[in-house]
Each structure stands twice: as C-alpha cells, then as structure tokens.
Amino acid sequence: MSDLRVEKRRAAAELTLSTGRRIQGSFFLAGSSATHTGPERVADLLNGESGFFPFAIQQIDGHARVETALYNRAQLVSVKLLESTGEAKLDPGYELATERQVAMLLSNGETICGAVRVYRPAGRDRLSDYARSADMFRYVESQHAAFIVNAAHIVELRETT
C-alpha cells in the first residue's frame with residue numbers, strides 16, 4: 001500500500017441536485033477530522049472546500065454498478081443521510097445549542113421541516129442568527145431523516161411551532 005494512500009470509510013446518502021436529479025451512493029470520509037476530534041463527517045467534507053467532491057454512485061442508468069463521479073457543491077441542494085449515525089449530534093455543544101423547529105423552502109420547490117441547532121449565546125440564538133452562520137452546509141433533523149442543506153439553496157426559512 002502506498003504511503004500517500006489515506007483509508008476512507010463510506011457514508012451512504014442521497015444527493016438532490018439543482019437539476020432535480022436524486023442520486024444514491026456514498027461519500028468517502030476520513031477516519032479522523034482535521035478540525036475536531038473524531039471521524040470526518042459529511043458536513044465537514046462539504047464545508048471543507050469549494051468546488052467538486054467525489055461520490056460513489058451505486059446505480060447508473062438502472063444498472064447496479066459502482067462508479068465514482070465528481071459533483072459541484074454549488075449545485076448540491078441537499079443531502080439526505082441514509083445511515084442513522086446521529087452525525088449532527090456529534091457537533092460540540094449539540095445538547096446545549098438552542099433547538100428551533102423550522103420549515104425550509106429550497107430552490108427546487110421542496111420543503112424540509114425539522115429541527116436546527118443555533119450555536120450562539122443566549123439572546124443571540126434566534127433563527128436569524130442561524131441564517132447568518134458561516135457554514136454553507138447545515139444540518140436539519142426531521143422526524144424521519146437527517147439532512148444537510150446548502151444555505152445557498154434556502155429560499156425561505158420560517159420558524160414553526
């Protein structure tokens with residue numbers, strides 16, 4: 001094995017692109033993160049750089065075969081995490097962050113309803129503070145799945161009760 005090779009683990013997900021296409025496959029994630037303790041998460045990978053990221057597609061044109069494609073982050077509307085890893089809960093301060101129930105209208109016309117976490121001190125933990133977060137890709141936890149949404153594709157963000 002090459003000294004330059006880095007072992008990766010796979011995380012199953014479904015991408016929703018700006019074209020409306022949905023693609024199931026896997027992200028390639030490092031065993032440890034450069035920015036925090038523990039393994040690299042999908043949101044870490046997406047927020048780490050701009051441009052393209054590799055994604056293993058499981059089915060191409062109705063045929064079961066694995067192929068790696070590069071996708072442009074700017075054209076990625078959302079990611080549905082297909083494994084119940086509780087990835088969002090690994091954020092430091094997750095339990096202390098203010099939880100807000102929201103409805104998010106995305107540029108493709110879909111609405112995701114769920115909970116977001118606002119990692120700000122009391123009094124600065126409003127939904128508008130969440131909207132101004134520096135991270136382009138953010139978690140939304142719905143009843144049935146966890147999503148990572150591209151903030152550039154959020155058209156409307158409303159707090160629900």
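Accessible areas come from the Shrake-Rupley method with a 1.4 Å probe.

**View 1. The whole protein and its surface.** This is a predicted model. The protein exposes about 9,400 Å². Carbon and sulfur atoms supply 49% of that area. Of the 161 residues, 42% count as buried.

**View 2. The order of helices and strands.** Two helices and ten strands make up the secondary structure. Along the sequence they follow the pattern β-β-α-β-β-β-β-β-α-β-β-β. Among contacts with a separation of 6 or more, 53% join residues 24 or more positions apart.

**View 3. The largest nonpolar core.** This core has 24 residues. Phe 27, Leu 46 and Val 79 have the most contacts inside it. Several elements each supply at least two of its residues: β1, β2 (22–30), α1 (42–48), β3 (52–60), β4 (63–72), β5 (76–81) and β8 (137–141). A second, separate core has 14 residues, including Met 104, Ile 112, Val 140 and Ala 145. In soluble globular proteins, nonpolar side chains tend to be buried together.

**View 4. The surroundings of Leu 46.** Beyond its neighbours within four places in sequence, Leu 46 is in contact with Phe 27, Phe 53, Arg 73, Leu 76, Val 79, Phe 137 and Ile 148.

**View 5. Thr 16 and its partners.** Thr 16 lies in strand β1 (residues 8–17). Its relative accessible area is 3%, under the 20% cut-off, so Thr 16 is buried. The side chain of Thr 16 makes a polar contact with the side chain of Arg 22, at 2.9 Å. Leaving out residues up to four places away in sequence, Thr 16 touches Arg 21, Arg 22, Gln 75, Leu 76, Val 77, Ser 78, Asn 108 and Glu 110.

Conventions
Residues are numbered from 1 along each chain as its sequence is written. This is a predicted model: local features need pLDDT of at least 70, side-chain atom pairs count only at pLDDT 80 or more; totals for chains, interfaces and linings use all residues. Side-chain values use heavy atoms; hydrogens and water are left out. Helices (H or I, at least four residues) and strands (E, at least two) are DSSP runs, numbered from the N terminus. Buried means under 20% relative accessible area, exposed over 50%, partly exposed in between (1.4 Å probe, protein chains only). A polar contact is a pair of N or O atoms within 3.5 Å; within protein, one must be able to donate a hydrogen and the other to accept it, and residues adjacent in sequence count only if both atoms are side-chain atoms. Contact means heavy atoms within 4.5 Å. A nonpolar core is a set of buried Ala, Val, Leu, Ile, Met, Phe, Trp, Tyr and Cys residues joined through side-chain atoms within 4.5 Å.
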